[in-house]
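Here are a few notes to read alongside the model. Please keep the sequence and the 3D view open as you go.

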Amino acid sequence: MSYRRTVDFLLYDWLDVESLRSRPRFADHSRETFDAVIDTCERIAREKFAPFNRLADTEEPWFDGEKVHLPAASHEAARAYFESGMLAAAQDYELGGMQLPCVVEMAAHSFFSKASIGVGGGGMLTSGNANLLMAHGTTMQQEVFAKNEFSGRFAGTMCLSEPQAGSSLSDIVTRAVPDGADFESDPLGPRYRLAGNKMWISNGEHELTENIVHLVLAKIPRADGKLVPGTRGISLFIVPKKLVDESGRLTGERNDVALAGLNHKLGYRGIPNTLLNFGEGRHPVRGSAGAIGYLVGSPGEGLRCMFHMMNEARIAVGLGATMLGMAGYEASLEYAKNRPQGRPIGPGGKDPSRPPVRIIEHADVKRMLLAQKSYCEGALALELYCARLVDELHTGEDEAPTLASVAAPRGGAAGLGSGPAPGRSRARLLLEVLTPIAKSWPSEWCLEANSLAIQVLGGYGYTREFPVEQYWRDNRLNMIHEGTHGIQALDLLGRKVVMDGGAGLEMLRATMADTARAAAGVEHLAGHAQALLAAVDRIVGATRAAWSTGSPEEALANATPYLQAFGHVVLTWIWLDVAARAARQPAGDPAVAGRLAACRYFFHYELPRIDAWLGVVESRDDTCRTMSEDAF
Ligand SMILES: Cc1cc2nc3c(=O)[nH]c(=O)nc-3n(C[C@H](O)[C@H](O)[C@H](O)COP(=O)(O)OP(=O)(O)OC[C@H]3O[C@@H](n4cnc5c(N)ncnc54)[C@H](O)[C@@H]3O)c2cc1C
């Protein structure tokens with residue numbers, strides 16, 4: 001099955017993306033315009049990205065003391081990507097954008113991630129940076145910085161982490177002090193001088209673009225010179241690598257941002273990862289040390305501004321993880337179809353006189369392929385569904401999140417996308433609980449898919465002569481950045497499922513119940529529908545049990561098993577809904593048989609895992625929490 005066919009099915013048959021044309025923002029679009037964008041991305045990915053995936057891994061970025069060098073192929077891929085207009089795809093026409101729905105933008109982007117995650121300059125980081133400025137920057141900041149990022153003239157970074165502050169951003173110590181008496185009258189925004197070190201900054205230094213726009217979190221000291229503890233003291237600043245004037249022209253002055261060194265990574269090597277020193281005096285500006293930064297939004301609002309982009313950023317990370325899994329799945333499927341090895345086990349055992357069969361004929365190899373298919377295609381469906389919710393949030397009708405609003409789906413399946421327009425409030429509630437899963441589930445399970453891909457290739461999979469080991473190394477990052485797995489788990493159980501009196505969880509439960517109701521009438525799916533209902537009840541019960549003593553310490557000690565079980569139930573639901581839609585398509589199509597089999601696999605082999613995960617959550621098992629340090 002070609003990947004494009006899977007994308008088309010999910011977009012047009014399952015999510016009914018064409019119906020978005022009824023929204024004024026998307027009125028000029030049609031399936032033809034959506035397809036044209038996807039065709040272009042598919043072509044550029046095939047021609048400019050895929051052939052250089054290994055090169056991006058072996059020719060790591062290097063620093064000559066002045067500049068960071070990347071292979072020529074990275075420059076060419078970045079140029080082709082910028083020229084495609086994808087950096088501004090979701091923006092207004094007046095900004096040079098295409099007013100593309102987020103769901104189509106994500107689908108189009110998936111082709112780049114599958115072809116090569118490391119080539120092409122990490123465009124999503126730049127568009128995320130610019131989108132943030134469109135939401136929180138001044139008109140001048142949008143004109144000077146965001147627009148030049150959308151055109152590909154400038155690139156963008158996100159500078160949050162510091163050597164001592166990763167998961168706990170409240171502990172950052174980068175300082176920002178007003179720059180001169182007239183600091184508030186700078187047309188580019190209140191002007192500050194920043195000093196501090198930012199660790200792990202992706203794309204922090206390179207020559208792919210004329211300039212780099214760093215978005216930096218820093219604290220403005222109080223009058224006594226001390227930093228405000230906690231996240232409330234954090235502000236956000238634009239710190240350009242090279243200073244610019246009000247029309248965006250480079251002034252010729254270098255800002256005081258210096259590359260302290262490159263980090264040498266396990267995977268994702270095409271993207272330079274940097275330690276940046278701000279304001280150490282390496283490049284003094286107008287005679288003094290301190291990096292010039294322009295305040296975005298109000299002081300103390302830095303994290304809130306950053307988190308504005310969280311839904312899209314986390315969906316993008318989940319999608320990247322999914323596509324690495326998908327690339328491994330495709331490679332191992334191809335290999336399994338061609339590799340002769342071993343004899344089949346017949347009713348009388350093995351017959352050594354028979355010629356070997358191709359390994360795809362062994363049940364255990366099919367198990368590994370089916371696991372990969374169910375993880376990766378399921379994760380893709382989840383990411384596109386979440387992106388569709390983002391479109392709903394931005395352009396849907398507003399409505400109170402009543403249960404009535406989630407009922408009455410159109411057609412046979414509960415049709416996540418084929419139901420009535422979900423409405424903004426409902427989309428917001430669903431995104432609250434689904435975003436940690438959209439980020440974390442593919443990061444864990446599409447990584448597992450990569451491991452299975454290596455297994456399918458046997459010894460060859462373990463060598464650098466085949467591509468699957470690189471996919472695994474590239475994917476290993478995704479459980480770490482954008483909030484580690486453990487932090488996502490704390491966010492889900494500690495905040496998302498209990499906020500607003502548990503409204504998000506209740507909305508998800510009701511939406512899953514719709515799917516189960518619709519699937520109950522579909523041949524072969526009735527049993528699955530019952531199993532889904534039981535699983536979601538178990539999740540709701542486990543949530544209550546975890547919090548029953550009211551002790552966060554007890555409840556959250558098993559947040560990660562909870563996240564794993566929650567994610568598996570979400571994917572079970574997604575698969576049931578996809579299968580219910582697939583079942584309405586002509587029988588005999590191998591794609592339909594494949595979707596139904598993947599759904600069945602998920603129910604039979606994956607869903608039962610939640611027992612073990614939820615067992616420790618429900619009993620508030622204290623094995624890990626009470627383990628003493630010296631007993632290790
Ligand atoms: C390749 C790469 C690219 C990156 N790109 C960027 C970037 O562009 N911009 C940027 O700002 N950052 C970036 N990061 C940083 C990334 O977001 C951090 O690495 C991540 O937030 C974790 O921080 P840390 O590495 O300090 O680990 P720590 O926070 O020290 O965590 C170590 C372990 O402890 C666990 N842990 C920590 N706190 C708790 C807690 N309260 N409860 C339970 N468990 C806890 C974590 O889950 C983790 O398993 C990047 C990182 C990498 C590796």
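The points below cover the domains, the ligand shell and one leucine.

1. First, some ground rules. This is a predicted model, in which local features need pLDDT of at least 70 and side-chain atom pairs count only at pLDDT 80 or more, while totals for chains, interfaces and linings use all residues. Numbering starts from 1 along each chain as its sequence is written.

2. The protein is divided into domain 1 (1-120), domain 2 (155-300) and domain 3 (307-342 + 356-629), with bounds that come from an automatic or database domain assignment. Taken over C-alpha atoms, the centres of domain 2 and domain 3 are 37 Å apart. Their contact takes 4 residues from domain 2 and 7 residues from domain 3 (C-beta atoms, placed from the backbone, within 7 Å).

3. Now to the ligand, which has 19 residues around it; Leu160, Gly166, Ser167, Trp200 and Gly486 come nearest (a residue is near if its C-beta atom, placed from the backbone, lies within 6 Å). Domain 2 and domain 3 each give at least three residues to this shell. Strand 3 (154-159), strand 5 (191-202) and helix 13 (485-496) each supply at least two; helices (H or I, at least four residues) and strands (E, at least two) are DSSP runs, numbered from the N terminus.

4. Do have a look at leucine 169, in the loop between strand 3 and strand 4 (175-178). Leucine 169 touches Leu160, Leu217, Thr231, Ile234 and Leu303, not counting residues up to four places away in sequence. Leucine 169 and alanine 218 are 49 residues apart in sequence, and 10.0 Å apart in space from C-alpha to C-alpha.

Terms used. Contact = placed C-beta atoms within 7 Å.
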